[in-house]
Amino acid sequence: MTNKNTLFVDLNAATMGESDAPYGLIKDAAIAVMDGVIEWVGPAASLPDMYISLDRTSLGGRLLTPGLIDCHTHIVHGGDRAVEFEMRLNGASYEEVARAGGGIVSTVTATRNATEDQLLQDALRRVDVLIAEGVTTIEIKSGYGLDTETELRMLRVARAVMANRPIRVKTTFLGAHATPAEYEGRDDVYIDEVCIPALRAAHAEGLVDVVDGFCEGIAFDTTQIARVFDVAVELGLPVKLHAEQLSNLGGAKLAASYGALSADHIEYLDEDGVKALADAGTTAVILPGAFYTIRETQAPPIALLRKHGVPMAIATDVNPGSSPLNSLLLALNMGCTLFRMTPEEVLRGATQNAARALGLKDVGIIKAGMRAELAVWDIKHPAELAYRIGFNPLHTRIFGATS
């Protein structure tokens, strides 16, 4: 346990900031933290005199990175979809499962039937796994209630996660995730009668940080999503979008037109869509867990994203159906092995660019003025975080200078 005012020494820092060195690496570094904020970082030999008297904590030559950020999760939900997993293995596509009454809608019943405490306890078990991997910030979406009562319950649980664990949570309203059974064939009516009123109610209760939607043939089209986004703009809330996961409906362009924080999945994104993201400064969130689980063959356009300078984040997409992936470290490896992203790209994707995808400016890199949300690893080189499979080298997690 360390004090709020601490000088961390005997470490190598992968700052992930702007630097000529890969990973923004500073060897034999020191970091001064005061009141949970980084005051100074640099080579230990250059430590200013004003920090010499701080209590010292030696990290034993270990590697320090920003705390990891999981910027796309559905971690609050009821039940599981193991049977549907089996269906897909027997040949059914993700879309076929959804059209047969499975998929997102099958989780809705379980979530509606769960109490707030049941949802919280289940979510905390999943969150604890991420915390144990050095994660200090997560995003949590609603979207498995699809009625006002349950959507608000999910968002309250997401807020309660932060009250019960040392982790930062950003909440996302995803009422436009699917049309529930009681509104089957009446998507527009659902948007008008449930989704938008639920968004307004959640905002009035202070439960929403961002608004999301699922733009896809099995969900909502761009016109329907735009109506939800118009209300988000009216309420002063930023937006993001599940876009181009199974087809190209122009969702990413729509998101970009609203200055979205991120467009997520994007396997079927074309170059025009990539250019739109680049022009808008929208982050592309890569989700290898869903690609892997539903056995997709169309990979996201990594080369085009690089070509046009679109920042790439990476996340677990942890959910009961298309991505039951509860390991951000494994997501880093999958980003490299499945999509040929580099180890530096995926680590930046789970730190600096993940912060961008959530609109956060005080985490994601190690520099003066940032929150002291850090991870200490028993490794020599940052590439090891993406290289190993099923291995967790976390030594300790620092959250506001408390480990």
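Is His265 buried or exposed? His265 counts as buried, at 2% relative accessibility. Buried means under 20% relative accessible area, exposed means over 50%, and partly exposed lies in between, with a 1.4 Å probe and protein chains only. This is a predicted model, in which local features need pLDDT of at least 70, side-chain atom pairs count only at pLDDT 80 or more, and totals for chains, interfaces and linings use all residues. Residues are numbered from 1 along each chain as its sequence is written, and side-chain values use heavy atoms, with hydrogens and water left out.

**Overall build**

- The protein has 15 helices and 14 strands. These are DSSP runs, numbered from the N terminus: helices are H or I of at least four residues, strands are E of at least two.
- The radius of gyration is 21 Å, close to the 22 Å from the globule rule for 403 residues, so the protein is as compact as a globular protein of that length. The radius is taken over C-alpha atoms, and the rule is 2.2 Å times the number of residues to the power 0.38.
- The C-alpha trace spans about 70 × 40 × 40 Å along its principal axes.
- Residues 24 or more positions apart make up 71% of the contacts with a separation of 6 or more. Contact means heavy atoms within 4.5 Å.

**Domains**

- Domain 1 covers 4–65 + 364–397, and domain 2 covers 67–356. The bounds come from an automatic or database domain assignment.
- The centres of the two domains, taken over C-alpha atoms, are 31 Å apart.
- At their contact, 26 residues of domain 1 meet 26 residues of domain 2.

**Surface and charge**

- Of the 403 residues, 59% count as buried.
- The protein exposes about 15,200 Å², and carbon and sulfur atoms supply 50% of that area. Areas come from the Shrake-Rupley method with a 1.4 Å probe; for residues, only the protein chains shown count as cover.
- There are 35 positive and 51 negative side chains, and the centres of the two sets lie 4 Å apart. Lys and Arg count as positive, Asp and Glu as negative; His and the chain ends are not counted. Each charge is placed at NZ of Lys, CZ of Arg, CG of Asp or CD of Glu.

**Backbone points to check by eye**

- His265 sits in strand β10 (residues 262–265). Its phi is near 90 degrees, a positive value in a residue other than glycine.
- Leu146 lies in the loop between β6 (135–141) and α5 (148–164). Leu146 is not a glycine, yet has a positive phi of about 60 degrees.
- Leu146 counts as buried, at 1% relative accessibility.
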